[in-house]
Structure formats: structure tokens, C-alpha cells
Amino acid sequence: MKIYIGYDKKNALAYEVCVASLIKHASIPLEIIPVKDWILRRDKLFWRSYLVDEKGQHVDRSDRSAFSTDFSFTRFCVPAMAEYKDEWVLFIDSDTMFRSDILGAINHIDDTHAVHCVQHEHKPYEESKMFGLKQTYYRRKNWSSFMFLNPARCTGLTPYAVNNWSGESLHAMLWVDDKLIGSLPKRWNYLLNCMEPMDDPAVVHFTLGTPDMLPSAHDCRWAREWWKYADDHLMYSSGEFIHEPE
């Protein structure tokens with residue numbers, strides 16, 4: 001399966017941890033592809049422009065909304081990157097850490113749908129996250145942070161839509177009919193410190209900031225596992241590669 005992972009140059013370490021944890025638990029072949037803003041611009045799939053203020057806050061020029069990562073919009077290029085083929089692929093935010101075999105999530109896929117995700121009811125109360133960047137609220141927040149996509153059924157995500165629709169519309173998945181959005185168990189996108197405690201999440205999502213970003217996250221639950229991957233991250237490449245399980 002092809003796994004597309006959001007890449008943010010501000011925190012490349014998060015990408016390395018995500019990849020390492022994914023590989024450690026995977027029992028199936030994976031093709032891991034970083035979603036990099038500059039490559040998509042080179043390939044003319046992405047051309048949205050943004051402003052950066054003195055605090056490092058990104059603001060989209062089109063809809064004037066604040067966003068926090070380099071892949072806030074580029075994630076929606078994945079169907080085009082996959083050439084709209086009739087096969088399931090996965091997009092995940094890089095600030096996630098796997099604690100279970102991705103096959104367990106794949107087994108929940110239903111071919112009658114175009115998208116599968118954990119359907120959170122996340123209404124953040126924090127005003128900031130990560131490196132002090134603005135926390136924003138929009139409908140279906142974090143649904144798009146871990147989503148299985150069948151590119152052939154996500155043709156609404158044209159390059160025009162990705163580059164012209166508002167961020168709120170894209171994250172709310174208005175590009176697909178609601179009946180085509182399937183669900184996943186909550187353990188496959190556990191929002192740390194934003195959900196009820198969970199003893200054994202399959203994927204921990206450090207959505208407020210990875211342990212290297214915030215003092216409050218440095219020793220948070222699951223941080224020790226995250227730091228172990230971080231210590232070993234040089235074993236893995238930030239480029240595209242194939243993982244074949246033993």
C-alpha cells in the first residue's frame with residue numbers, strides 16, 4: 001500500500017518518527033511517500049500562496065485563514081499524486097506515532113466508500129499549538145489527518161479545487177458525498193490530550209505538538225516511545241522508499 005505522509009520542514013524529526021513507528025509494526029509491503037510542498041509546486045499540482053508573519057504564522061492568501069503545517073493544504077493533492085487510480089492509499093499527518101500494525105486499520109476499509117477516517121468531534125479550546133501557532137477550528141476537524149482514500153472516487157479533489165477552495169471546505173470533505181465517507185475506530189487516530197484517555201491507541205496523534213515542540217509535551221504519556229524513535233531516526237531516510245516486511 002502507498003502511504004503518503006505530510007512533510008513539514010519545521011519539524012522533519014516528526015516525519016522520521018512517524019515512518020520508523022509505521023515500519024516497526026507493519027506486516028505488509030509499504031511504499032512511503034513524503035508529501036512535500038516544493039515538489040508539488042515543481043510538478044504544478046500545487047500553487048497556493050501564503051504569508052508568514054513575524055511569529056512564523058502561515059496565513060493563506062486565498063481565504064485569509066491561518067494554518068500551521070506545510071501539508072495543511074497539500075494533503076489534498078494525494079489523489080492527483082496517485083493519478084486517480086482505483087486503489088486504496090493512506091494519508092497521515094507526520095505528528096503521528098504508530099503503536100500497531102497498519103493492517104488492522106486496512107481491515108476496516110469498505111469498498112463502497114471513497115474515504116475512511118476517524119470521525120472526531122474535536123472542538124479545541126486551546127488558542128495555540130505546536131510552536132505557539134494559532135489553533136483553528138473548522139467543521140470535521142482532524143478527519144483529514146488520517147484518511148484512507150480511493151483516488152478514483154475522489155475526483156472532486158482536482159488541482160483547481162485544492163488550490164482555490166477554502167481550507168475549511170477541503171478539511172470538511174465537501175469534495176465527496178457524505179455517504180461515501182466511512183468511519184474508523186477512534187484508536188486509529190487518538191488525539192492526545194484532546195480525547196478521553198485511551199489505554200492502547202493504535203496511532204497516537206500529537207496534534208497539539210510533538211514532544212520536541214512543547215515543554216508540556218516533553219514528558220507526556222507516550223512521549224518516551226516517541227523519543228526512542230527520535231533517537232534512532234537516522235536509520236531511516238526522508239525520501240521515498242519501499243518497505244518489505246520480513
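Trainee: What is the relative accessible area of glutamate 87?
Mentor: This is a predicted model, in which local features need pLDDT of at least 70 and side-chain atom pairs count only at pLDDT 80 or more, whereas totals for chains, interfaces and linings use all residues. Residues are numbered from 1 along each chain as its sequence is written, and side-chain values rest on heavy atoms, with hydrogens and water left out. Buried means under 20% relative accessible area, exposed over 50% and partly exposed in between (1.4 Å probe, protein chains only); glutamate 87 is partly exposed, its value being 32%.

Trainee: Between which two elements is glutamate 87 found?
Mentor: Helices (H or I, at least four residues) and strands (E, at least two) are DSSP runs, numbered from the N terminus. On that basis, glutamate 87 is found in the loop between α3 (78-81) and β6 (89-92).

Trainee: What is the angle between the planes of phenylalanine 71 and phenylalanine 91?
Mentor: Rings of Phe, Tyr and Trp (its six-membered ring) pair if their centres lie within 6.5 Å, with planes under 30 degrees apart counted as stacked, over 60 as edge-to-face and the rest as tilted. A search of the whole structure finds seven aromatic pairs. Phenylalanine 71 and phenylalanine 91 form a tilted pair, 6.3 Å centre to centre, with the angle between their planes at 55°.

Trainee: How many residues apart in sequence are the parts that phenylalanine 71 and phenylalanine 91 tie together?
Mentor: Phenylalanine 71 is buried, at 2% relative accessible area, and phenylalanine 91 is buried too, at 0%. Because phenylalanine 71 lies in the loop between β5 (66-67) and α3 while phenylalanine 91 lies in strand β6, the separation in sequence is 20 residues.

Trainee: Why is the pair of phenylalanine 76 and tryptophan 175 classed as it is?
Mentor: Both phenylalanine 76 and tryptophan 175 are buried. Their ring centres are 6.3 Å apart and their planes stand at 65°, so the pair is edge-to-face.

Trainee: Which residues are joined with Arg187 into one network of salt bridges?
Mentor: A salt bridge is a side-chain nitrogen of Lys or Arg within 4 Å of a carboxyl oxygen of Asp or Glu, and the side chains of arginine 187 and aspartate 200 meet in one at 3.7 Å, N to O. Arginine 187 lies in the loop between β12 and β13 (190-191) and aspartate 200 in the loop between β13 and β14 (203-205), 13 residues apart. Through shared partners, salt bridges join Arg187 into one network with Arg99, Asp200 and Glu225.
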